[in-house]
Amino acid sequence: MTRKSRRERREARRSGGPTRYQMRQKLVAFGDDFHIEDDRGQKIFKVDGKVLRVRDTLIFRDMQGEELCRIKERLLRVKDTMEIEGPDGKTVAMVKKNLINPLRDRWKIDVKDGPDLDVKGNILDHEYEIEEGRHKVAEISKKWLRVRDTYGVEIEPGQNDILILAATVAIDMMAHEGN
């Protein structure tokens with residue numbers, strides 16, 4: 001799960017537009033399985049929910065069953081945190097919900113071998129952006145889809161789609177905890 005250089009991302013942007021995925025709202029929970037679809041409704045990834053003894057885990061797989069990454073709930077933290085691991089078990093990123101600000105929640109994706117990402121917008125309503133500095137790398141929105149309880153994830157070319165999708169799932173789980 002390596003990040004692409006700025007030059008590689010610029011070249012990818014020139015070659016085509018963003019990639020869109022469909023996510024089911026409120027179906028994400030430990031112990032549940034679900035699929036991430038492309039913008040045509042074809043299943044692209046399977047997310048396998050595992051409830052383990054020590055901590056809960058979601059495993060991202062391609063449609064051939066190969067593990068791409070894992071999302072693990074971090075225990076005993078002051079602020080909500082979820083860890084994204086590569087298939088080798090090494091930490092790729094940490095998704096953090098900082099302590100609640102009176103005006104809005106603050107979210108950050110700490111990427112191990114790349115620039116950190118900031119999450120801005122209305123998380124609860126699935127209307128937000130993920131940014132690297134001032135550059136938007138992904139947009140999450142319900143506006144593009146007419147299917148009830150579904151939202152879209154639009155990822156700019158040259159990004160690590162698996163990392164962005166895993167972070168989106170982690171944010172969704174932490175933001176809608178207990179709903």
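**Exercise 1.** Is Glu-139 buried or exposed?

*Solution.* Keep in mind that you're looking at a predicted model. Start with the number: Glu-139 has 18% relative accessibility. Buried means under 20%, so Glu-139 counts as buried. Now look for its partner: the side chains of Glu-139 and Lys-136 form a salt bridge, 3.1 Å from N to O. Lys-136, with a relative accessible area of 26%, is partly exposed.

**Exercise 2.** Find out which parts of the chain the pair Asp-48 and Arg-61 ties together.

*Solution.* First, check the contact: these two side chains meet in a salt bridge at 3.7 Å, N to O. Next, place each residue: Asp-48 belongs to strand S3 (residues 43–51) and Arg-61 to strand S4 (residues 56–62), so the bridge joins parts 13 residues apart in sequence.

**Exercise 3.** Work out where Asp-110 and Lys-96 sit.

*Solution.* Begin with the salt bridge between their side chains, 2.9 Å from N to O. It links distant parts of the chain: Asp-110 is in strand S8 (residues 107–111) and Lys-96 in strand S7 (residues 91–97), 14 residues apart. Then check accessibility: Asp-110 comes out at 19% and is buried, and Lys-96 is buried too, with a relative accessible area of 19%.

**Exercise 4.** How many salt bridges are there?

*Solution.* Count a pair when the nitrogen lies within 4 Å of the carboxyl oxygen. That gives 10 salt bridges. Asp-38, Asp-39 and Arg-40 are joined in a network of them.

Conventions: Residues are numbered from 1 along each chain as its sequence is written. This is a predicted model: local features need pLDDT of at least 70, side-chain atom pairs count only at pLDDT 80 or more; totals for chains, interfaces and linings use all residues. Side-chain values use heavy atoms; hydrogens and water are left out. Helices (H or I, at least four residues) and strands (E, at least two) are DSSP runs, numbered from the N terminus. Buried means under 20% relative accessible area, exposed over 50%, partly exposed in between (1.4 Å probe, protein chains only).
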